[in-house]
Amino acid sequence: MAAGIKEALIQYCDIREEIKDIRARIENLEEQIKTIEQRGYIKDTVKGGSGGTQHFVIEGCPYPEYTHKKTLLLIRRRCLKERELKLLELTNEVEQYINEIQDSRTRRMITYRFLDNLTWLQVANRMGGMHTADSCRTAVRRFLKET
């Protein structure tokens, strides 16, 4: 369990943050696509024919940019699904490790901090009594160092 819980917690936190980043990138890309769709077609007039006296209207969509962004959006959504599945697997793994911890107090602190994603101050408040953010952080660090 020693190195297992540390590595599982690190991976769990990293993938959770990576998912946030991917979601933000997807949101940004969706906004860019929406802007392209709202702008619609590019319209311009040109002179030509009959010695340059005729006017022609040229309309078009920035198709290469639009398709590139749509393709990138599909790829990022697929990546997000993969990371979410990995996070679910890691959640199960982390919960197993946590359940193997003998000390109830340590189990609760690790659960609050890592699974519930609470700050150390919030962990201390949940723990109640004489707990402080520093005492909770120190207890968890000590536990992880000893395992």
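Start by selecting tyrosine 12: leaving out residues up to four places away in sequence, it touches Leu87, Leu90, Thr91, Val94, Phe114 and Leu115, where contact means heavy atoms within 4.5 Å. What you have open is a predicted model, in which local features need pLDDT of at least 70 and side-chain atom pairs count only at pLDDT 80 or more, while totals for chains, interfaces and linings use all residues. Residues are numbered from 1 along each chain as its sequence is written, and side-chain values use heavy atoms, with hydrogens and water left out.

**Stop 1: helix H1**

Tyrosine 12 belongs to helix H1; helices (H or I, at least four residues) and strands (E, at least two) are DSSP runs, numbered from the N terminus. With a relative accessible area of 6%, tyrosine 12 is buried. Here buried means under 20% relative accessible area, exposed over 50%, and partly exposed in between (1.4 Å probe, protein chains only).

Which residues does arginine 16 contact, leaving aside its neighbours within four places in sequence? Select Leu87, Phe114, Leu115 and Asn117 to see them. Arginine 16 is buried yet has no salt bridge, and glutamate 17, the nearest side chain of opposite charge, is 4.5 Å away. A salt bridge needs a side-chain nitrogen of Lys or Arg within 4 Å of a carboxyl oxygen of Asp or Glu; for charge, Lys and Arg count as positive and Asp and Glu as negative, with His and the chain ends not counted.

**Stop 2: the loop at asparagine 117**

Next, pick asparagine 117, in the loop between H3 and H4. Asparagine 117 has a positive phi of about 60 degrees although it is not a glycine. Most residues other than glycine have a negative phi. Asparagine 117 counts as partly exposed because its relative accessibility is 35%.

**Stop 3: methionine 109 and its helix**

Select methionine 109 in helix H3 (residues 104-115). Is methionine 109 buried or exposed? Its relative accessibility is 0%, so methionine 109 counts as buried. Not counting residues up to four places away in sequence, methionine 109 touches Val123, Met127, Cys136, Ala139 and Val140. For cysteine 136, 27 residues away along the chain, the C-alpha separation from methionine 109 is 6.9 Å.

**Stop 4: helices against H5**

Colour H3 and helix H5 (residues 133-146): they pack at an angle of about 105 degrees, with axes 10 Å apart. Axes are lines fitted to C-alpha atoms, for helices over the stretch in contact, and angles run from 0 to 180 degrees between N-to-C directions. H3 is therefore roughly perpendicular to H5, a label for angles of 65 to 115 degrees. Residues making this contact include Arg105, Met109 and Phe114 of H3, and Cys136 and Phe143 of H5.

Then bring in helix H4 (residues 120-127), whose axis comes within 8 Å of that of H5 and crosses it at roughly 95 degrees. H4 and H5 are therefore roughly perpendicular to each other. Trp120, Leu121, Val123, Ala124 and Met127 in H4 meet Ala133, Cys136, Arg137 and Val140 in H5.

**Last stop: the whole chain**

Zoom out to see five helices and two strands, in the order α-β-β-α-α-α-α along the sequence. Of the 147 residues of the chain, 30% count as buried.

Definitions and conventions. Angles under 35 degrees count as roughly parallel, over 145 as roughly antiparallel, 65 to 115 as roughly perpendicular and the rest as oblique.
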